[in-house]
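Me: Could you take a close look at the site around the ligand for me, and then at the pockets? I'd like one connected walk through it.

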Amino acid sequence: MKVVFDHLTKIFPNRTKGKEDVIAVNDFCFEIPDGKLIGLLGPSGCGKSTALNLICGLEEATRGKIYFGDEDVTNLPPENRGVGMVFQNYALYPHLTVKQNIMFPLENLKGEEKMSREAMEAKALEAAKLVQIEDYMERKPSQLSGGQQQRVAIARALVKIPKVLLLDEPLSNLDARLRLQTREEIRRIQKETKITTVFVTHDQEEAMSISDIIVLMKLGVVQQIGKPQEVYDDPINLFVAKFLGTPAINVFNGRIEKHKVYIGADCIGDSKLSDREVYIGIRPEGMVVDKKGVLTCKFDRREVMGRDHSVVCHNKECISDIDIRAIIPSDTEVDANAKTITFSLKPMKVYLFDKESEERLR
Ligand code: ADP
Ligand code: MG
């Protein structure tokens, strides 16, 4: 089922005098293709949960429309939309067993949809198998680990075969290893069921690793939509460039003079653009330790990250919150006593941004 947003907007009116209204979702206009997994990504407070709540009907749109396929569902109550929802805190019923929890959405079906107990149990078992929790059907949620509880919540969301599956930061309460494992599970289940899925997270790595398409938001406004690698490789503004990637992109004050690009006194390349001040973003993997390099930094230390290492260094034009990082293969030789270090730069990994608008300059 494809999901279409048509100028969808949600405004929360201010409750405190003198404070402005919050535009939590601002003029969403895009389409989620049928059967895809969308990663809705952005910092805390950017409107991800509100967007999800608009899709499932827990929030009413201020303006605009939502379509499932060709059907306008904007004013449909949540129970008639056929969505499955999974929350960060699992929200299982503590007094019910796993089986009863999973069956719960089926118990309330009315009229023609009403199911026999046997049919409901069969459906519950099917959903439980999908998330590999079928051995725990008689347990209570308190007798399960966090990861297992989240599987039950996913099974419960899947049991009615939803048109759209919505997951709101579903992995946040899990430890690192379980988070990795469960996200792979979610990807597998989504591929098996081909249910259109919206996965909300503030974790860029999580979104990049499991999404067909990521939608990156800031303050209620969609910044960029695309395949994870495409957005990473081709950010449209400084916010997007900074949000994606670990270690984060290195950002410098720079300028263009007579078609040469400068960071401080270092000329790092050519540009067709006219003279101006710019921000220059350089991905950590785009800086190559090279004695004949173009960018000179103060060497600080080498950090071991396993397969790769980081060279940590400083430059007075750097405006990133953290030190400059260059990723180098672990067998690269770097003089540990060096005062300075020079890098050549991979042109595809260097981006220029307008100082005012922070839009990408090409
Ligand atoms: P996210 O899920 O990305 O962290 P939310 O969608 O929860 O963000 O919130 C987006 C913005 O809307 C925030 O500024 C938040 O304070 C505001 N907001 C969310 N829900 C309400 C509400 N019920 N009333 C007023 N403001 C709200
Ligand atoms: Mg949220």
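Reply: Let's start with a term: a polar contact is a pair of N or O atoms within 3.5 Å; within protein, one must be able to donate a hydrogen and the other to accept it, and residues adjacent in sequence count only if both atoms are side-chain atoms. Bear in mind that this is a predicted model, where local features need pLDDT of at least 70, side-chain atom pairs count only at pLDDT 80 or more, and totals for chains, interfaces and linings use all residues. Residues are numbered from 1 along each chain as its sequence is written, chains are lettered from A and ligands numbered from 1 in the order in which they are written, and side-chain values use heavy atoms, with hydrogens and water left out.

On to the contacts. A polar backbone atom of G45 sits 2.6 Å from an oxygen atom of ligand 1, and K48 brings a backbone N or O atom to 2.9 Å from a ligand 1 oxygen. T50 uses its side chain instead: an N or O atom there is 2.5 Å from an oxygen of ligand 1. On its own, ligand 1 has 560 Å² of accessible area, and the protein covers 63% of that (Shrake-Rupley method, 1.4 Å probe).

The shell around ligand 1 (residues with a heavy atom within 4 Å) is made up of F12, V22, A24, P43, S44, G45, C46, G47, K48, S49 and T50. By class that's 5 nonpolar, 5 polar and 1 charged, with Ala, Val, Leu, Ile, Met, Phe, Trp, Tyr, Cys and Pro counted as nonpolar, Asp, Glu, Lys and Arg as charged, and the others, Gly among them, as polar. β2 (22-32) and α1 (48-56) each give at least two shell residues, and α1 has the largest share, with 3. Helices here are DSSP runs of H or I, at least four residues, and strands are runs of E, at least two, numbered from the N terminus.

Now the pockets. A pocket is an open set of points on a 1 Å grid over the protein atoms alone, where a 1.4 Å probe fits, with protein on both sides within 12 Å along at least five of seven lines; lining residues have an atom within 4 Å of a point. The largest pocket has a volume of about 900 Å³, the space filled by probe spheres set on the points, which are joined across faces, edges and corners. Its lining has 29 residues, with E79, V83, G84, P105 and K160 nearest the centre.
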